[in-house]
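Let's take a friendly walk through a protein model, one contact at a time. Have a look at the picture below, then read on.

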Amino acid sequence: MKKGALGCGIAAIVGIAIVVIIGFMVGPKFYNTAIDLQENATAQWANVESSYQRRADLIPNIVNTAKGYAEFEQSTMIKVIEARSKATSITIDPSNITPAQLKQFQQAQEGLSSALSRLLAVFERYPDLKANENFKELINELERTENRINVERNRFNESVKPFNKHLKTFPNNIINNFIGKFEEMGYFEADAGSENAPEVEFDFGS
């Protein structure tokens, strides 16, 4: 029994030594690569935020321009302003973009997209508003911004993939569990229809 216990003890020591050696050999490379991939993803997140902020900045100008033409649509305009306020109040620490945080951010932005789509559908009924040159330019800029949002979201997802994969692969997963440094990032997920940009293609010729 004593020999067996001794043998188990030696085996355990050898096993620990192997893990430590592997950690010293692989750990720095794992850590440095993870940092690089994380930095790429967080840099792309800044582009996502910038695109969403551009949309938020356009909305007050659109609403103010339309007030004089669509004065009977105040409740719809108020809903857009409220949705904008909620969307812009949610911020994410770019160094810790968890799936739960990103889901909350996305839900708020989708709420704004939905409210904005309803408002633009209402504006379609006002030919004098559609003839306003300033309004035309704002709508065109909104369309370009919505397209940019989709592009930057997709680029963000693509930048997150290699980071998450790096954390999951062996022996990186063991090293990461041991040091407890990195967590997987969240992805933008496309719900049925909600990933589409609001309809902003006005018929300005009418």
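Glu-133 and Lys-136 join their side chains in a salt bridge, with 3.4 Å from N to O. A salt bridge here is a side-chain nitrogen of Lys or Arg within 4 Å of a carboxyl oxygen of Asp or Glu. Both residues belong to helix α5, which covers residues 133–168, and they sit three residues apart, about one turn of the helix. Helices are DSSP runs of H or I with at least four residues, strands are runs of E with at least two, and both are numbered from the N terminus. Glu-133 counts as exposed because its relative accessibility is 56%. The cut-offs for that word are simple: buried means under 20% relative accessible area, exposed means over 50%, and partly exposed lies in between, using a 1.4 Å probe and protein chains only.

A word on where these values come from: this is a predicted model, in which local features need pLDDT of at least 70 and side-chain atom pairs count only at pLDDT 80 or more, while totals for chains, interfaces and linings use all residues. Residues are numbered from 1 along each chain as its sequence is written, and side-chain values use heavy atoms, leaving out hydrogens and water.

How many salt bridges does the structure hold? There are eleven, and the table shows three of them.

| Salt bridge | Closest N and O atoms |
|---|---|
| Glu-137 and Arg-144 | 2.9 Å |
| Lys-168 and Glu-184 | 3.6 Å |

The bridge between Lys-168 and Glu-184 links distant parts of the chain: Lys-168 is in helix α5, while Glu-184 is in the segment after α6 (172–179), 16 residues apart. Lys-168 counts as exposed because its relative accessibility is 52%, whereas Glu-184, with a relative accessible area of 36%, is partly exposed. Some salt bridges also share partners, and in this way Arg-54, Glu-137, Glu-141 and Arg-144 are joined into one network.

Now let's see how α5 and α6 meet. Their axes come within 5 Å and cross at roughly 85 degrees. Therefore α5 is roughly perpendicular to α6. Axes are lines fitted to C-alpha atoms, for helices over the stretch in contact, with angles from 0 to 180 degrees between N-to-C directions; 65 to 115 degrees counts as roughly perpendicular. His-166, Leu-167 and Lys-168 of α5 make the contact (heavy atoms within 4.5 Å) with Asn-172, Asn-173 and Asn-176 of α6. In the loop between these two helices lies Pro-171, and the peptide bond from Phe-170 to Pro-171 is cis, with omega near 0 degrees.

Which residues form a nonpolar patch on the surface? They are Tyr-31, Phe-178 and Ile-179, with about 350 Å² of accessible area together. Patch residues have over 30% relative accessible area and no salt bridge; like charges are joined within 9 Å, and nonpolar side chains (Val, Leu, Ile, Met, Phe, Trp, Tyr) within 5 Å. Accessible areas come from the Shrake-Rupley method with a 1.4 Å probe, and for residues only the protein chains shown count as cover. Ile-179 is located in helix α6 and is partly exposed, at 40% relative accessible area.

Finally, the whole chain: it has six helices and zero strands. Of its 206 residues, 37% count as buried.

Definitions and conventions. Parallel < 35°, antiparallel > 145°, perpendicular 65-115°, else oblique.
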